[in-house]
Amino acid sequence: MNKYFRVQMDAARAIVDSSEGPELLAGYIVMNRFAMPPKYGFTAAGARVIRDSAGISDCRAKLVLRNLLALRFGEHGERFLIEDTGKMMRNARKYEIGQWDGLVSYLPDLMVQGDPTPLSRLVRADAAPEVRRDAMLMLLHIHAAVDYAEWLGVDPAEFIYKKWALEGFAGMGDDEVELGHAGEEGGLHYWLAREEPEGPRFTLTRNAERIYGSDNMDRFWAAHDLLRVQGLLCCVAVVCTGGTSYPLWVFSPAYREALERTGVRADLARLIQNAASRTGIDPDNRVIATATGPDRENYGTEVFFVVTKTSKAPTIRTIYAPLFHAPTPLNLAGLAEMAERTKEWTRRLEYARQANAA
């Protein structure tokens, strides 16, 4: 079993342009989840499966199915979403899924599993119908655009990011600490950087146009806010240095654990902090005490150590990734590449520790 499924982005956009709420797109996503191998061009999923996976009533599910069958696109109505083949599979009707050109989004099966399913949470979220619809399309875009090999998330130029500060001061209990270059030990340069959890988000207008076909930024930010509230996105702190990047910290504990199973070291901030302590950069563990809080586990409170191989200041940003990754061959290859990169940084940190001990 693949454990993931495909959704055609142009079809999803056509649905969004033809609907006022999230149910029609949710129904289309569900029917694609139950597409049948080997070519995944047919499905036997019907109203009952839509009802259960999208979290809507039986009556609404039947209406969604009728509308999916009725909608036609193109100059002569030659493009369709779902078409009844007139055939049966056991006791279910067999439907053909229309084939559209363009980008494909791969979603993990987890999106339509559980009670409630993540998909149904989005359908029934406390937001205007059009915001729920737009958030669903944005989530499809994120899964289509995610780059695990280079960013472990979506390229900040292609979506949303937050900037980190390497200048100024940050509160450290009753004291303040100066941000920026903190020292060099064991062949590595240490920097103190500050993330503002509630700081401004940045994006390019073209990113809204790419998803919705217009530069309506209110629509774009409302969709993003809803995905954040619903917990369907994960924040990843990424350090860019020397023409490459590495993940400093994945903010979701559950996703850190999932990434560990792929070999990705998603908690490099811990190792960097330990190295800073052992090499004398942070001998009193002041930064780690502030960054973790009283329980020593609650990372993500603004101040982090970062390492580079040169004295050139790095660029640090918070980017976004889907909370669940689809285990496609491309995504798994990207995760394997990122795993090697994080292992290399782990080895560098261990070497720096040993060099200092010697």
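A charge sits over a ring if NZ of Lys or CZ of Arg is within 6 Å of the ring centre and within 35 degrees of the ring normal. With that in mind, select Arg33 and Phe34, where the charged end of Arg33 sits over the ring of Phe34, 4.6 Å from its centre. Then select Arg317 and Tyr161, where the charged end of Arg317 sits over the Tyr161 ring, 5.8 Å from the centre.

This is a predicted model, in which local features need pLDDT of at least 70 and side-chain atom pairs count only at pLDDT 80 or more, while totals for chains, interfaces and linings use all residues. Residues are numbered from 1 along each chain as its sequence is written, and side-chain values use heavy atoms, with hydrogens and water left out.

**The open sheet**

Helices (H or I, at least four residues) and strands (E, at least two) are DSSP runs, numbered from the N terminus. Select strands E2, E3, E7 and E6, which form an open sheet in that order with antiparallel pairing; two strands pair if DSSP finds at least two bridges between them. The edge strands are E2 (35-36) and E6, each of which pairs on one side only.

Begin at E2, which two bridges join to strand E3 (residues 42-43), the two running antiparallel, and look for Ala35 standing opposite Thr43 in E3. Helix H2 (residues 23-33) packs on this sheet, touching E2, E3, E6 and E7, and its direction makes about 100 degrees with that of E7. Helix H4 (residues 58-70) also packs on the sheet, where it touches E6 and E7, and its direction makes about 115 degrees with that of E6. For these angles, axes are lines fitted to C-alpha atoms, for helices over the stretch in contact, and angles run from 0 to 180 degrees between N-to-C directions. Contact means heavy atoms within 4.5 Å.

In the loop between E2 and E3, select Pro38, which a cis peptide bond joins to Pro37, with omega of about 10 degrees. Tyr40 lies in the loop between E2 and E3 as well, and has a positive phi of about 55 degrees although it is not a glycine. At 29% relative accessibility, Tyr40 counts as partly exposed (buried means under 20% relative accessible area, exposed over 50%, partly exposed in between, with a 1.4 Å probe and protein chains only).

Now move to strand E6 (residues 82-89) and strand E7 (residues 92-97), which pair in the antiparallel sense over six bridges, with Asp84 opposite Tyr95 in E7. E6 and E7 form a hairpin with two residues between them, and Arg90 in the turn has a positive phi of about 55 degrees. Is Arg90 buried or exposed? At 82% relative accessibility, Arg90 counts as exposed.

Select helix H1 (residues 9-17) next: seven of its nine residues are buried, so H1 is largely enclosed by the rest of the structure. Among the buried residues of H1 are Met9, Arg13 and Val16.

From Met9, go on to His141, which lies in helix H6 (residues 129-145) and touches Met9, Glu158, Phe159, Arg210 and Ile211, not counting residues up to four places away in sequence. His141 is buried, with a relative accessible area of 4%.

In helix H7 (residues 205-212), the buried residues are Asn207, Ala208, Ile211 and Tyr212. They cover an arc of only 110 degrees around the axis, which puts them on the same side of H7; the arc is that of the directions from the helix axis to the C-beta atoms. What covers these buried residues includes H1, H6 and helix H8 (217-229). Just after H7, Gly213 takes a positive phi of about 80 degrees.

**Aromatic rings**

Rings of Phe, Tyr and Trp (its six-membered ring) pair if their centres lie within 6.5 Å; planes under 30 degrees apart count as stacked, over 60 as edge-to-face and the rest as tilted. The structure holds ten aromatic pairs. One of these, Trp164 with Phe304, is tilted, at 5.3 Å centre to centre and 55 degrees between the planes. This pair links distant parts of the chain, since Trp164 is in strand E9 (residues 162-165) and Phe304 in strand E16 (residues 303-308), 140 residues apart. Trp164 counts as buried at 10% relative accessibility, and Phe304 counts as buried at 3%.

Phe251 counts as partly exposed, at 22% relative accessibility. Finally, select Phe159, Phe220, Trp221 and Tyr320, which ring pairs link into a cluster.
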